[in-house]
Every structure is written in C-alpha cells, then in structure tokens.
Amino acid sequence: MDLIEAIKARHSVRHYLEKSIEPEKIEQLQQLVAECNVQSGLHIQFITDEPRSFGESLLARYGKFSNVKYYFAMIGIKDDKLDETVGYYGEQLVLKAQTMGLNTCWVGLSYKKIGSVLDIAEGEKLVCVISVGYGATQGVDHKRKNPDRVSGTDIKTAPQWYKQGVACALLAPTAINQQKFKFMLSDDNKVSVKAGIGFYSKVDLGIVRYHFELGAGIENFEWA
Ligand SMILES: Cc1cc2nc3c(=O)[nH]c(=O)nc-3n(C[C@H](O)[C@H](O)[C@H](O)COP(=O)(O)O)c2cc1C
C-alpha cells in the first residue's frame, strides 16, 4: 500500500484488538519517529505497552476508546508553529502506520496524561496523542465537505494537480471532522492554506498540508 492508498483507506479507529504490534514494526515506527524529530525539532515519543492512558477513565469511555496500548505522544517546544508542525509530522506517522496494516486515531481530549512515561522538558508541551494498533475494524467513512467549500480558487477551472491535492486534503482527519481550512492557488502556482477558527484547527492545518502535498505532488507547486 502506498501513501495515496493509505489516505483513501484510513479512518479513525478507537477500538483495538489485544494483538501486540510486532517488534519489527515497532522498530520501523521508532525509526520514523526519530527521523521526524530530526527534521522538525519535535520531541515525539512512541509509547508502547502502556494501557493506562486509555484505561477505565471517564474521558476514555466518553471518547469510546478500548484496548489502546500504543500511542505517539506529540510533544514539542511551545511556540506559534507547534500545533501545525505536530499535525504535519504526526500525519506522516498515521499514514505510515496505515501502510503497515495498523490503524490510528488522533486524540486531543479523551486520554489521561501519564507523566511518568513521558519526557516533557522545560518549555515543551504535549499537544495531543495518536493511538495506534490493530483495529477491531477499519473504521467508517465520514461525510466530507465539497471541494468548492474548502477552496477560494474555482475548483472547476483549477489544474488537475490542485484538484487532487484538495481531494486528498478532504480525506484528512480533522478534529470533530470540522474541516475548517481553505486553499487558494495564485497565478504563479503558489498555494496557500489557512485555518479557520476552531478546536485544534492549527493541528488540522498541518495534517491537511501533508495530504495536499501527497495529492498534488510537491514538484507541481510551491507553498506561498
Ligand atoms: C487534532 C485532532 C484531535 C482529535 N481529537 C479526538 C478526540 O479527542 N477524541 C476522538 O474520539 N477523536 C478525536 N479526533 C478524531 C476525529 O474525530 C476524526 O478524525 C474525524 O471525526 C474524522 O473522521 P476520520 O478520521 O475517520 O476521517 C481528533 C482528530 C484530530 C485531527
């Protein structure tokens, strides 16, 4: 499965099987976490065999999660770009996990912070986590906005690569499925995307930016 197939196949999954993730896959994911941390300056941590964050707490039950033992803790130095960077790199982990036959869910609220397993340095913040594991199901398809609602540029007359970028962005996970983002194409092939006002909308922005790059092909445009 390539990354475009992963975009199409991915849905949020909150119920997992008891099945453990194989050591080779854990190693591969740890490797990708290390690469993402080098590129981004983030301090992402892959937490394994730790069921307490999604244990019998009220929040976990409210969020309807079960059997979560593995998650990525999305940590980085507090600054204006932190949420967006977390979105951009976290979605690389999500799609890679999908290609490996695993399932995921971004989680902003429904987990308990277990300080003893996390390494959060002075000046850093835990933005959110991403659960990962073998899903009890593959999740379900959700209603998506029409492309013209998330593009300031007329979709009908836009180049094919732009349409494909927007289509992939629309398949991205966003907090409460809000899809509050807007793309725009300028005459010199520069693309911009802005976040609307909403819960975790800057994390969403990073996520949709990564999906757009995969759909449009990074060789076809530049970010404004
Ligand atoms: C930044 C972010 C935070 C999220 N937080 C939660 C959460 O706290 N609890 C939860 O059950 N789902 C959470 N989600 C998952 C979204 O509800 C889900 O992505 C959205 O409904 C679209 O569904 P899909 O991922 O299956 O396409 C979050 C998603 C994102 C991107």
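**Legends: fold and ligand shell of a predicted model**

**View 1. Secondary structure of the protein.** The protein contains 6 helices and 7 strands; helices (H or I, at least four residues) and strands (E, at least two) are DSSP runs, numbered from the N terminus. Their order along the sequence is α-α-β-α-β-α-β-β-α-β-β-α-β. The model is predicted: local features need pLDDT of at least 70, side-chain atom pairs count only at pLDDT 80 or more, and totals for chains, interfaces and linings use all residues. Residue numbers start from 1 along each chain as its sequence is written.

View 2. Contacts are pairs of residues with C-beta atoms, placed from the backbone, within 7 Å. Among contacts between residues at least 6 apart in sequence, 76% join residues at least 24 apart.

**View 3. Residues around the ligand.** The shell holds 22 residues, and Ser12, Trp106, Gly108, Pro173 and Asn177 come nearest to the ligand; a residue is near if its C-beta atom, placed from the backbone, lies within 6 Å. By type, the shell has 11 nonpolar, 9 polar and 2 charged residues. Ala, Val, Leu, Ile, Met, Phe, Trp, Tyr, Cys and Pro count as nonpolar, Asp, Glu, Lys and Arg as charged, and the others, Gly among them, as polar.

View 4. Strand E3 (103-107) and helix H6 (201-216) each give at least two residues to the shell. Domain 1 (3-133) and domain 2 (147-219) each contribute at least three, with bounds from an automatic or database domain assignment.

Key: Two residues are in contact if their C-beta atoms, placed from the backbone, lie within 7 Å.
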